[in-house]
Amino acid sequence: MKMFNKLAATTLASTLIATSLGVTNVTLASGAGEAPEGTQLNQGQQGDMAMYGNTENPKNIIFLVGDGMGPAFNTAYRHFKDNPDTEEVEKTAFDDYFVGDQSTSPKDPEDDVTDSAAGATAFSTGHKTYNGAISVNEKQERLKSVLEQAKENGKSTGLVSTAEITDATPAAYAAHVKERGMKDEIAQQFFNDKINGQHKVDVLLGGGSKYFGEENGNLKEKFAQDGYEVVENREDLLNSKDDQLLGLFSEGNMPLQIDAPEDDPRLVEMQSIALDRLQKNDKGFFLMVEGASIDKSAHPNDITGVMSEMEGFEKAFENATNYAKQNPDTLVVATADHSTGGLSMAKGKEYRWDPEYIRQMKHSGSYMTDQIIEGKDVEEVIQNGYGFDLDKEQMKAIKKEAKALSKLDEEKDGDKYGEQKQKLQDAIQKPINDKSNTGWTTYGHTGVDVNTYGFGPGIDSFRGHIDNTDSAKNIFDFYKNEVQ
Ligand SMILES: [Zn+2]
């Protein structure tokens with residue numbers, strides 16, 4: 001049961017830090033005396049189910065997306081969080097809320113496996129489309145998203161992500177472009193597209209400040225002129241007051257939680273601030289929260305990064321379900337868009353997956369790779385990032401790939417540079433993948449079904465096996481049936 005105590009302690013710590021910054025309006029819902037014992041949690045949840053059931057439309061929806069979080073990620077994370085001193089494998093915050101799974105395939109002339117753009121279009125609009133499309137169909141006609149419908153219904157809306165806020169998943173809720181790479185245009189649409197004379201998204205929190213600066217029409221300033229509070233670090237976020245908020249905490253994607261500096265807000269903090277603002281609307285809210293770098297760590301097969309981001313996403317999910325228990329007109333749904341990397345608990349012939357070594361890691365594989373590329377000493381980077389000693393051969397292999405990469409130029413050598421960068425990262429991660437016996441099959445996505453977790457009014461329509469488009473269809477149904 002240690003796990004629950006540890007989580008509670010972490011949450012409490014976050015609350016304390018918030019308090020020390022002079023913030024009184026941040027309440028992480030998970031600090032509110034929830035029963036930490038597994039059995040009690042079970043009984044409590046059944047009681048809540050009976051109380052709130054599927055009897056009415058949810059006024060508020062928190063839709064969480066674990067990008068790339070295939071079923072193996074949830075199982076592996078349970079073992080990663082396990083207390084080795086007890087015989088049982090303790091449940092994660094997700095397990096008691098498992099409701100079913102979703103198929104994810106796109107409607108693409110070539111691909112059978114979805115990307116995040118087609119995936120997010122499916123669960124934000126209810127339509128299948130081609131890979132790369134942001135809420136447009138194959139004729140490039142706009143498809144209405146559930147966030148846009150929420151705004152039409154007079155609700156408040158929010159998008160929170162650890163990626164660039166213009167990345168495919170958040171983009172699909174509030175922009176319509178033929179190709180996900182059009183991030184300047186996506187940011188422009190966040191500002192320019194209006195519903196009933198109002199901006200579509202009231203709270204935007206994540207990375208990607210480079211799409212909101214001078215080079216893209218000073219969008220940051222324009223949002224500020226229209227009354228948005230603009231914040232760029234954790235302290236300013238926690239001290240922010242306004243109901244409409246633009247928070248951009250890094251140029252590109254936000255750093256992984258295991259590597260992030262202190263003044264970076266964590267996903268659960270961004271979510272808490274978003275909830276604090278959105279809940280002021282009597283008509284309710286729609287909030288999408290994305291743990292984006294589960295996927296971004298799984299692409300280069302970085303198991304340390306994956307577990308770091310699963311942990312961040314679990315905290316956000318736990319906070320969301322606690323919020324829903326205190327606000328019974330709130331539906332929480334968590335799912336994924338696809339699985340990434342073909343993560344496998346065990347590889348080769350051994351019946352073994354040993355996360356103990358991952359728990360000892362101090363930095364992700366991606367972080368160590370970037371440090372070496374920046375010119376830091378290889379041995380020093382590895383010693384600072386690893387929780388156990390590497391043998392001479394492993395260190396030699398890393399140095400060899402680092403040397404080969406240093407001879408290439410990112411601009412000039414393009415693909416070759418990318419391939420060599422991955423070779424370096426593979427060499428850096430081989431010791432942890434071998435020690436933990438973690439397997440991977442691809443640097444891309446896989447087509448398996450993904451799990452659905454949830455709680456609150458309306459959750460019954462997500463039960464069993466559904467299609468990813470059903471997530472949007474269910475939410476449109478709630479909004480259609482809403483008493484205006
Ligand atoms: Zn991906």
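The model is predicted, so local features need pLDDT of at least 70 and side-chain atom pairs count only at pLDDT 80 or more, while totals for chains, interfaces and linings use all residues. Residues are numbered from 1 along each chain as its sequence is written.

The chain holds 18 helices and 16 strands. Both are DSSP runs numbered from the N terminus: helices are H or I with at least four residues, strands are E with at least two. Of the 484 residues, 52% are buried. Buried means 20 or more other C-beta atoms within 10 Å of the residue's own; 12 or fewer is exposed, in between is partly exposed, and C-beta atoms are placed from the backbone. Take the contacts with a separation of 6 or more: 74% of them join residues 24 or more positions apart. A contact needs two C-beta atoms, placed from the backbone, within 7 Å.

Start with strand E10, residues 330-335. Six of its six residues are buried. Thr330, Val332 and Ala334 point one way, while Leu331, Val333 and Thr335 point the other. E10 runs parallel to strand E1 (residues 60-66), and six bridges join them. Pairing here requires at least two DSSP bridges between two strands. Leu331 is the bridge partner of Ile61. E10 also pairs with strand E15 (residues 450-455), antiparallel, over three bridges. There Val333 faces Gly454.

E15 leads on to strand E2 (98-103). The two run antiparallel, joined by four bridges, with Gly100 opposite Thr452. E2 also has four bridges to strand E16 (residues 464-467), this time parallel. Asp101 stands opposite His465 in that pair.

Now the core. The largest nonpolar core has 116 residues, and Leu64, Ile134, Ala274, Leu287 and Phe317 touch the most other members. Such a core is a set of buried Ala, Val, Leu, Ile, Met, Phe, Trp, Tyr and Cys residues joined through C-beta atoms within 7 Å. Helix H12 (residues 303-326) gives the largest share, ten residues. The core lies between domain 1 (60-345 + 442-481) and domain 2 (363-436), because both give residues to it. These bounds come from an automatic or database domain assignment. Leu64 ties several pieces together. Beyond its neighbours within four places in sequence, Leu64 contacts Val289, Ala316, Phe317, Ala320, Val333 and Ala334.

Next comes helix H17, residues 410-436. Its end C-alpha atoms span only 32 Å, whereas a straight helix of 27 residues would span 39 Å. The expected span is 1.5 Å times one less than the number of residues. H17 has a kink of about 70°, centred on Lys416. The bend is the angle between axes fitted to the seven residues ending at a residue and the seven starting there. Buried residues of H17 include Leu424, Ala427, Ile428, Pro431 and Ile432. The helix's buried residues pack against H12, helix H13 (356-360), helix H14 (365-373), helix H16 (392-406) and strand E13 (438-439). Asn437 follows H17, with a positive phi near 60°.

Last, Thr114. This residue sits in the loop between E2 and helix H4 (116-125). Thr114 counts as buried because it has 27 C-beta neighbours inside 10 Å. Its C-alpha atom is 7.0 Å from that of Gly447, 333 residues away along the chain.
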